[in-house]
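Colleague: Hi! Could you walk me through this model before I set anything up?

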Amino acid sequence: MEFAHVSVLLSECMDVLNIRPDGVYVDGTAGGAGHSREIAKRLTSGRLIAIDKDPDAVKTAKERLAPYSQSTVVQSDFYRIPEILEELGIPGVDGILLDLGVSSYQFDNPERGFSYNYDAKLDMRMSQSGLSAYDIVNTYAVPDLERILREFSEEKFAYKIARNIERARQQAPVETTFQLVEIIKQSIPAAARREGGHPAKRAFQALRIAVNGELDSLSRCLDTAFDCLNPGGRFAIITFQSLEDRMVKQKFKALCTGCTCPPDFPVCICGKTPRAKLVTRKPVEAGKEELEKNNRSHSARLRAVEKIK
Ligand SMILES: C[S@@+](CC[C@H](N)C(=O)[O-])C[C@H]1O[C@@H](n2cnc3c(N)ncnc32)[C@H](O)[C@@H]1O
Ligand SMILES: [Zn+2]
């Protein structure tokens with residue numbers, strides 16, 4: 001299957017990253033190398049480190065970046081950016097980009113088990129290793145399943161779905177995406193099922209976030225990757241859902257404020273000063289033309305900060 005994925009906010013990302021031909025950049029979510037290639041094209045003596053945890057994405061990124069000798073592709077989780085740079089002997093970088101979530105290739109590839117639209121073995125692992133959606137659905141206790149569904153997608157019928165999963169697996173393991181879709185449909189009242197898109201959309205998103213530890217990776221990356229930036233370097237992140245966007249917004253706000261005193265302190269006693277400034281006051285969203293062409297762009301929000309010199 002061809003690696004098809006239309007990159008979102010491509011020119012906007014290049015603008016906010018402010019690529020310098022001699023700069024060093026990290027793309028933490030290389031995917032089909034759409035953003036990576038745009039960065040690589042702009043480099044002369046600079047360097048690009050493109051990272052993805054999915055072996056299929058790494059293979060594609062290697063092929064697509066082969067003409068650009070300034071690029072290095074690494075299979076890893078982006079929370080390991082500091083270690084990866086250390087292993088490569090790179091002391092600091094001028095820009096880091098994260099384009100979060102799954103690629104269209106992953107989502108539309110039936111074999112990967114991400115989609116409620118195709119019948120496939122439950123899987124959803126970006127890295128193609130470790131805990132899968134099958135393991136979570138068939139082994140997690142009802143309260144844990146319920147928590148995943150509620151916390152990661154605000155699923156109103158989390159408890160009902162979790163209970164019905166337990167009931168189903170007492171007969172036989174829930175093997176496939178369509179078996180899970182059926183359980184979810186039966187757990188949601190008919191009136192609610194008719195609202196807001198596919199009834200399994202939220203539950204599948206929640207499971208995917210849990211399988212891939214998505215919020216944990218983002219949180220760890222937000223805590224450590226900023227330190228890898230050179231003064232004047234930029235950190236740009238595209239999110240597609242509110243949980244992630246809130247995490248990015250709060251972290252960037254904290255970096256731009258500096259102070260880490262509890263909010264109820266009348267005056268600052270930590271004395272910490274801002275470490276970054278916002279590149280754009282508001283998140284950047286797709287323009288009319290992109291919205292018409294690419295459905296994925298509807299929920300995309302790009303935020304960026306610059307490390308103070
Ligand atoms: C939206 S796609 C990126 C598409 C890419 N920007 C392009 O233009 O082709 C997200 C990619 O990030 C990868 N990914 C998601 N979370 C990751 C993580 N924690 N570490 C490394 N890669 C991750 C996924 O495997 C997927 O290939
Ligand atoms: Zn303070």
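This is a predicted model: local features need pLDDT of at least 70, side-chain atom pairs count only at pLDDT 80 or more; totals for chains, interfaces and linings use all residues.

Colleague: Great. In what order do the seven strands of the open sheet run?

Modeller: The order is S3-S2-S1-S4-S5-S7-S6, with mixed pairing. Strands here are DSSP E runs of at least two residues, helices are H or I runs of at least four, and both are numbered from the N terminus; two strands pair if DSSP finds at least two bridges between them.

Colleague: And which strands stand at the edges?

Modeller: Strand S3 (71–75) and strand S6 (276–278); each has a single partner strand, so one side of each is left without a neighbour in the sheet.

Colleague: How do S5 and S7 pair?

Modeller: Strand S5 (residues 229–239) and strand S7 (residues 301–307) are antiparallel, over six bridges. Ile 238 has Leu 302 in S7 as its bridge partner.

Colleague: Switching to the pocket: how much space lies in the largest one?

Modeller: About 830 Å³. On a 1 Å grid over the protein atoms alone, a pocket is an open set of points where a 1.4 Å probe fits, with protein on both sides within 12 Å along at least five of seven lines, and lining residues have an atom within 4 Å of a point. The volume is the space filled by probe spheres set on the points, which are joined across faces, edges and corners.

Colleague: Which residues lie nearest its centre?

Modeller: Phe 107, Lys 201, Arg 208, Arg 296 and Ser 299, out of 26 lining residues. Helix H5 (104–108) and helix H11 (201–211) are the elements giving two or more residues to that lining, and H11 has the largest share, five residues.

Colleague: Last topic: is Val 24 buried or exposed?

Modeller: Val 24, in strand S1, is buried, because its relative accessible area is 18%. Buried means under 20%, exposed over 50% and partly exposed in between, using a 1.4 Å probe and protein chains only.

Colleague: And Ser 219, what is its relative accessible area?

Modeller: Ser 219 is at 29%, so partly exposed; this residue lies in helix H12 (residues 214–224).

Technical notes: Residues are numbered from 1 along each chain as its sequence is written. Chains are lettered from A and ligands numbered from 1 in the order in which they are written. Side-chain values use heavy atoms; hydrogens and water are left out.
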